[in-house]
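Walk me through this structure, starting from the ligand and its surroundings. Then turn to the charged pairs.

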Amino acid sequence: MSIIILGIESSCDETSAAITKDNVLLSNIIANQSIHKNYGGVVPEFASRKHQKNIIPVIDQALKVAKINKKQIDAVAFTNGPGLLGSLLVGTSVAKHFAMALDIPVIEINHLHAHVLSVFIKDSQQQLTPQFPYLCLLVSGGHTQIILVKDYYSMETIGESIDDAAGEAFDKAAKVMGLPYPGGPVIDKLSKEGNINSFFFPEPKVGGLNFSFSGLKTSFLYLVRDHLKNNKDFIQMNIADLAASYQNAVCSVLIKKILLASEQTGVKRISIAGGVSANSRLREMLFKESRKNQWSLYLPNPAYSTDNAAMIAVAGYFKYIKKQFSDYTIVPYSRKIQGEIF
Ligand code: KG4
Ligand code: ZN
């Protein structure tokens, strides 16, 4: 018998609800919050208020698109953390009340766990899914990690950023150039017109599988600041080249580390997840490396790279089949909790 899950995501600035039947996606509705555009980052208080306004219409729409009656839902899966506490509280409260009213289980989902599993979302453009074990490069606005995925439930972080996340590195450079938040997609688009060799950024010196992006971000800031002294139009005149060179520097770090991880573990099945995994240069470089190193590459549909409830519902499905349910008294958490891998 099929299992129907309502997934709810509200950890940052996207309010999203999705319906899945087993791991097949029936609907995935996302309400974005443009209010943060001019602030260079997400303003937590605005985010939680927008979630409150959007969450019921978003769930309603997800049910309509999926042509599912709420009485058909078997469980509600929701992001319980990590993320912005005020935002998480909205999704968590709605999920628990929805489930309580229908007398069905709730399933707490770790947001990062769901990003990793986004490659298993089945839709009409379904691609091949990886066999275990595989390596996942998880690159989002708050996290940069290399994860050895042993199965749907068992994952080991083998490398992570010691300071900024890759997404933050994009967002902060975009802010320096006066571009709106989130900066990653804007830099990606501008880069298409730019030259990757126009500007040089020193490679971060962090050993092993760990990452560091704060030095790269600072060298970008200094380069722009120094040029502005002599030319106040420096940014406008060089914006595409700046974007392309910086994007290439960030992606080169990511590629270098995933290469090393594959070498060290002997695992040649590679996947990516999280907002930065939508980046076109990163995907292009990964394709090139996969041909060179005989990797099998598993890329999520870019629509499931950034935050969405489809990945929450699919992660919920995998927990449902193991009867890993949560208590109605569960509360959200903003940061990684002790004992958790993420
Ligand atoms: O996974 P996500 O939607 O939210 C978090 O869990 O953090 O990731 C958001 C991050 C932002 O930093 C955004 O700038 C970045 O992903 N991002 C991108 C692209 N699309 C989103 N970075 C580079 N290139 C993109 N195309
Ligand atoms: Zn995310």
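What follows goes from the ligand site to the salt bridges.

This is a predicted model, in which local features need pLDDT of at least 70, side-chain atom pairs count only at pLDDT 80 or more, and totals for chains, interfaces and linings use all residues. Residues are numbered from 1 along each chain as its sequence is written, ligands are numbered from 1 in the order in which they are written, and side-chain values use heavy atoms, without hydrogens or water.

Start with ligand 1. Around it are 21 residues, each with a heavy atom within 4 Å. Gly141, Asp171, Asp188, Gly275 and Asp307 come nearest. By class, this shell has 5 nonpolar, 13 polar and 3 charged residues. Gly counts as polar here; Asp, Glu, Lys and Arg count as charged; Ala, Val, Leu, Ile, Met, Phe, Trp, Tyr, Cys and Pro count as nonpolar; the others are polar.

Now look at ligand oxygen atoms. One is 2.6 Å from a side-chain N or O atom of Asp171. Backbone N or O atoms also approach ligand oxygens: at 3.0 Å from Gly184 and at 3.3 Å from Gly167. The protein covers 90% of the 560 Å² of accessible area that ligand 1 has on its own (Shrake-Rupley method, 1.4 Å probe).

Which elements give two or more residues to the shell? They are α3 (111-117), α4 (166-176) and α5 (183-191), with helices taken as DSSP runs of H or I, at least four residues. The largest share, 4 residues, comes from α5.

Finally, the salt bridges. The count is 13, each a side-chain nitrogen of Lys or Arg within 4 Å of a carboxyl oxygen of Asp or Glu. One of them joins Asp60 and Lys64, with the closest N and O atoms 2.9 Å apart. Both residues lie in helix α1 (residues 44-66), 4 residues apart, about one turn of the helix.

Definitions and conventions. Polar contact = N/O pair within 3.5 Å; in protein donor to acceptor, adjacent residues only side chain to side chain.
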